[in-house]
Amino acid sequence: MKLRTYYPAIEANFTKKMKVDDIHEIYYEESGNPNGMPVLFLHGGPGCGTAPSCRTYFDPEFYRIILLDQRGSGKSTPHACLKDNDTWHIIEDIEKIRKDLNIDKWLVFGGSWGSTLSLCYAIKHPDKTLGLILRGIFLGRREDINWIYEVGGANNFQPEAFEKYVSILNDDEKDDIISAYYKRLTSPDQKTREVAAKHWSMWEGSLVTLLPDPNLENSFGEINYAISMATIECHFWMNNMFWEDDNYILNNAEKIKDIPTIIVHGRYDLDCRAIGAYELSKKLDKCELNIVDATGHSSGEPGIVDGLIKATDKFREILKK
């Protein structure tokens with residue numbers, strides 16, 4: 001059977017920068033049908049930002065497609081700013097954008113950290129969430145964070161890339177790699193920050209595809225992208241996602257169990273393990289879990305694209321009724 005692929009590229013209907021407090025300005029945009037079904041796209045990272053290609057998961061004749069760059073990410077400013085940059089402030093930003101667009105309810109689509117944020121948003125605002133399309137589930141628990149960034153997890157599958165990742169650290173720092181990186185990523189010395197950001201980001205880039213993709217890994221090393229992603233990610237991990245309960249999502253899943261949800265997850269996802277998607281699906285009464293064989297974490301892998309396009313098309317038919 002032929003795999004589904006992206007919808008054609010489209011231009012934004014408009015873009016806007018919204019000042020949400022004394023510090024942060026948030027970039028957001030609308031594309032697709034201005035009178036269509038609203039869908040919110042939440043990017044990963046945190047710190048990655050959006051790209052025009054993010055519009056192409058959705059039928060532009062049916063969906064009113066809203067993209068935003070979260071605090072410190074993409075076109076939002078100040079770049080890589082950590083002050084008041086946390087899960088709950090981002091959810092407040094999302095609500096301000098929803099109200100600014102005069103949207104009552106919307107479908108929420110998020111991958112990786114975007115899945116975490118989508119779930120947190122739905123838990124806080126279930127009455128505003130028509131449904132969830134989630135890719136590469138990241139539950140944000142300490143075990144999920146340590147799997148990626150500390151010894152004893154993904155390093156067992158990518159030892160060469162992990163060796164490069166820890167090569168900038170002293171031996172006595174390798175027992176707590178995240179803390180060692182945080183010191184570098186928040187250093188007053190620009191060069192120190194840049195070196196740390198590039199090593200952190202390229203390590204993560206080595207994990208996202210099932211088969212090695214040197215071009216993608218190198219793109220993760222682009223310095224502006226690397227600084228925002230590495231700095232903001234490390235800030236969130238150091239602060240335990242800014243929630244008090246390490247298992248916040250699963251322990252609050254009762255609040256969203258009746259929201260229609262489709263999960264698309266690569267079986268061999270080294271960044272975000274498939275067990276998280278499976279555990280979450282067991283907590284949700286209206287959840288369709290699609291674990292895609294022969295795929296990893298990247299939203300661009302053919303099997304993942306196929307699953308996501310089918311998911312947005314399925315919701316199109318559901319929401320037409």
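Trainee: Which residue in β8 stands opposite isoleucine 262?
Mentor: Start with the terms. Helices (H or I, at least four residues) and strands (E, at least two) are DSSP runs, numbered from the N terminus. Two strands pair if DSSP finds at least two bridges between them. Here, isoleucine 262 stands opposite glutamate 288 in β8. Strands β7 (residues 261–266) and β8 (residues 287–292) pair in the parallel sense, over six bridges.

Trainee: How does the chain cross from β7 to β8?
Mentor: Handedness has a viewing rule. With the strands pointing away from the viewer, a crossover is right-handed if the path from the first strand over the helix to the second runs clockwise. The chain goes from β7 through helix α10 (residues 274–283) to β8, and this β-α-β crossover is right-handed.

Trainee: What should I know about the model before going on?
Mentor: This is a predicted model, where local features need pLDDT of at least 70, side-chain atom pairs count only at pLDDT 80 or more, and totals for chains, interfaces and linings use all residues. Residues are numbered from 1 along each chain as its sequence is written, and side-chain values use heavy atoms, with hydrogens and water left out.

Trainee: In what order do the eight strands form the sheet?
Mentor: The order is β1-β2-β4-β3-β5-β6-β7-β8, in an open sheet with mixed pairing. β1 (12–19) and β8 stand at the edges with a single partner strand each, so one side of each has no neighbour in the sheet. For angles, axes are lines fitted to C-alpha atoms, for helices over the stretch in contact, and angles run from 0 to 180 degrees between N-to-C directions. Neighbouring strands of this sheet are turned by 20 degrees against each other on average, direction ignored.

Trainee: Over how many bridges do β5 and β6 pair?
Mentor: Six bridges, in the parallel sense, link β5 (residues 106–111) and β6 (residues 129–135). Valine 108 stands opposite leucine 132 in β6.

Trainee: Which strands does helix α2 lie across?
Mentor: Helix α2 (residues 113–124) lies across β3 (37–42), β5 and β6, and runs at about 145 degrees to β5. Helix α10 lies across β6, β7 and β8, at about 160 degrees to β7.

Trainee: At what angle do the axes of α5 and α8 cross?
Mentor: First, the classes: angles under 35 degrees count as roughly parallel, over 145 as roughly antiparallel, 65 to 115 as roughly perpendicular and the rest as oblique. The axes of α5 (residues 177–185) and α8 (residues 223–238) come within 10 Å and cross at roughly 130 degrees. That makes α5 oblique to α8. Contact means heavy atoms within 4.5 Å. Residues making this contact include Tyr181 and Tyr182 of α5, and Cys234 and Trp237 of α8.

Trainee: How far apart are the axes of α5 and α6?
Mentor: They are 8 Å apart, and α5 packs with α6 (residues 190–205) at an angle of about 140 degrees. These helices are therefore oblique to each other. Among the contact residues are Arg184 of α5 and Trp200 of α6.

Trainee: Where are the cis peptide bonds?
Mentor: One joins glycine 45 and proline 46, with omega about 0 degrees. Proline 46 is in the loop between β3 and β4 (63–68). Another runs from threonine 77 to proline 78, with omega near -5 degrees. Proline 78 is in the loop between β4 and α1 (87–100).

Trainee: What is phi of alanine 80?
Mentor: Phi is near 60 degrees, a positive value in a residue other than glycine. Alanine 80 is found in the loop between β4 and α1.
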